[in-house]
Amino acid sequence: MEKIRDAILSGDLAAVGGLDVPDHYRAVTVHSDEVEMFKGLETPDKDPRKSLHVEDVATPELGPGEALVAVMASAINYNTVWTSIFEPLDTFGFLRRYGKTSELAKRHDLPYHVVGSDLAGVVLRTGPGVGAWKPGDQVVAHCLSVELEHPDGHNDTMLDPEQRIWGFETNFGGLAELALVKSNQLMPKPAHLSWEEAASPGLVNSTAYRQLVSTNGAAMKQGDTVLIWGASGGLGSYATQFALNGGATPICVVSSPAKAEICRKMGAELIIDRSAEGYKFWKDENTQDIREWKRFGARIRELTGGEDPDIVFEHPGRETFGASVYVTKRGGKIVTCASTSGFMHQYDNRYLWMHLKSIVGSHFANYREASEANRLIAKGKIHPTLSKVYPLDETGQAAYDVHRNAHQGKVGVLCLSPSEGLGVTDPELRARHIGAINNFRGV
């Protein structure tokens, strides 16, 4: 791995394909014999630092249509937190089911799971049938792993019955020195970004693009008013940028003055600090408070000059979903994914059915959507929201920060890259956007 890293750092990318592939590499894993380690604990008390291991693992066999990537940097997503605390299910069930689908897929069914659904790095090897990529290519990866052997996937690959999220529902993910991906997960690395900056948008940027911009999601248009929960967070920060870049008006819901200031730095003007204004949408564990929905809706109208949101960008889930349905404009859309506060949503159907609103389920993105989202990053239209970076050995702490919501934007992880700031090949474009690139740094 040192020879591979040194070749990449020296810029001798043409030499990478001639280097030996090591038979093992360092990776972040969870273990199947530890899935009960947090039994009896409440979710906030489960500690990823105890379940995430950094260890040597065997390099997987490279199959047809696949690529082995030397990973310079990766990032933490909420799915890594779920994996690390074994909620709502342990991920070894995903690996077992995948392993039963083919002889090649058996590689993924192991007693350890290499996690991570983002990467930036350099192609090391490609398998049979790969023509679009070659060793030495600088790449990022989106996290849709799809077999495309069923007709349902050929209009929208997210509808393929064998669609999985790489590094969550498959093995050999990106929080490691090497990663195994399908070649149709690869996209060009944005040249003006460092390795850790380039690694951070992947999952959340593509997810936000499909959820808000794509015709498979909310199909946002110019002039729309978009309510964005957690607007300074990993997902919401990209939704805020897409709204601003696409001619819509974001209403940014945050939970502190510091988070409100981040939204202002991105260019948003309409901001609700839900903590300062004391919104409590639940009276108790089982009862929502319609008066708080009404108070929240009145505050939105106060900010917008009387307009309700055309689109509500939903991802907290249980805590906020009833309010989201209530405040959405007649005929508007609530587009939902993730449900980080709970998966069992409750809402008053009268405000959906009688007001002709729509709930749209959205999950990650297909290759075209991910590519469009990455293209906007590469053009400097949308920017990474990286706030902090950890070394690979401290991935547990990075995941712990995300689990406790003690972070802003995205938290990055250095894999083969020895330090931050490396990998930039277009300094001129970088200089034009350096302020926006660093909006979240140190927050």
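Let me begin with the lining of the second largest pocket, whose residues divide into 6 nonpolar, 3 polar and 6 charged. Please keep in mind throughout that what we are looking at is a predicted model. The volume of this second largest pocket is about 300 Å³, and among the 15 residues that line the pocket, those closest to its centre are Ser102, Leu104, Glu147, Glu149 and Lys182.

A polar atom of the Glu66 side chain lies 2.8 Å from the backbone nitrogen of Gly63. To give a sense of distance, Glu66 and Asn349 are 283 residues apart in sequence, and their C-alpha atoms are 46 Å apart in space.

That brings me to the division of the chain, in which domain 1 takes in 1–202 together with 367–438, while domain 2 covers 218–361. The C-alpha centres of domain 1 and domain 2 are 30 Å apart, and where the domains meet, 16 residues of domain 1 are in contact with 13 residues of domain 2.

Next, please find helix H12, residues 367–378, which is where Asn374 is placed. Is Asn374 buried or exposed? Its relative accessible area is 12%, and so Asn374 is buried, that value being under 20%. The side chain of Asn374 reaches the backbone oxygen of Pro188 at 3.0 Å, and, leaving aside neighbours within four places in sequence, Asn374 is in contact with Pro188 itself as well as Val140, Met187, Pro190 and Asn205.

Finally, let us look at helix H13, residues 395–403, which is mostly covered, with 8 of its 9 residues buried. Those buried residues are Thr395, Gly396, Ala398, Ala399, Tyr400, Asp401, Val402 and His403. What, then, covers the buried residues of H13? The cover includes strand S3 (66–76), along with strand S1 (24–31), helix H2 (48–51), helix H3 (78–85), strand S19 (386–391) and strand S20 (410–414). After H13 comes Asn405, whose phi is positive, near 60 degrees, and with that residue I will stop.

Notes
Residues numbered from 1 in each chain as written. Predicted model: local features only at pLDDT ≥ 70, side-chain atom pairs only at ≥ 80, totals over all residues. Heavy atoms only, no water. Helix = DSSP H or I, 4+ residues; strand = E, 2+ residues; numbered from the N terminus. Buried < 20%, exposed > 50% of the residue type's maximum accessible area, 1.4 Å probe, protein only. Polar contact = N/O pair within 3.5 Å; in protein donor to acceptor, adjacent residues only side chain to side chain. Contact = heavy atoms within 4.5 Å. 1 Å grid on protein atoms, 1.4 Å probe; cavity = no way out; pocket = protein on both sides within 12 Å on 5 of 7 lines; lining within 4 Å. Points joined across faces, edges and corners; volume = space filled by probe spheres on them. Nonpolar A, V, L, I, M, F, W, Y, C, P; charged D, E, K, R; others polar. Domains from an automatic or database assignment.
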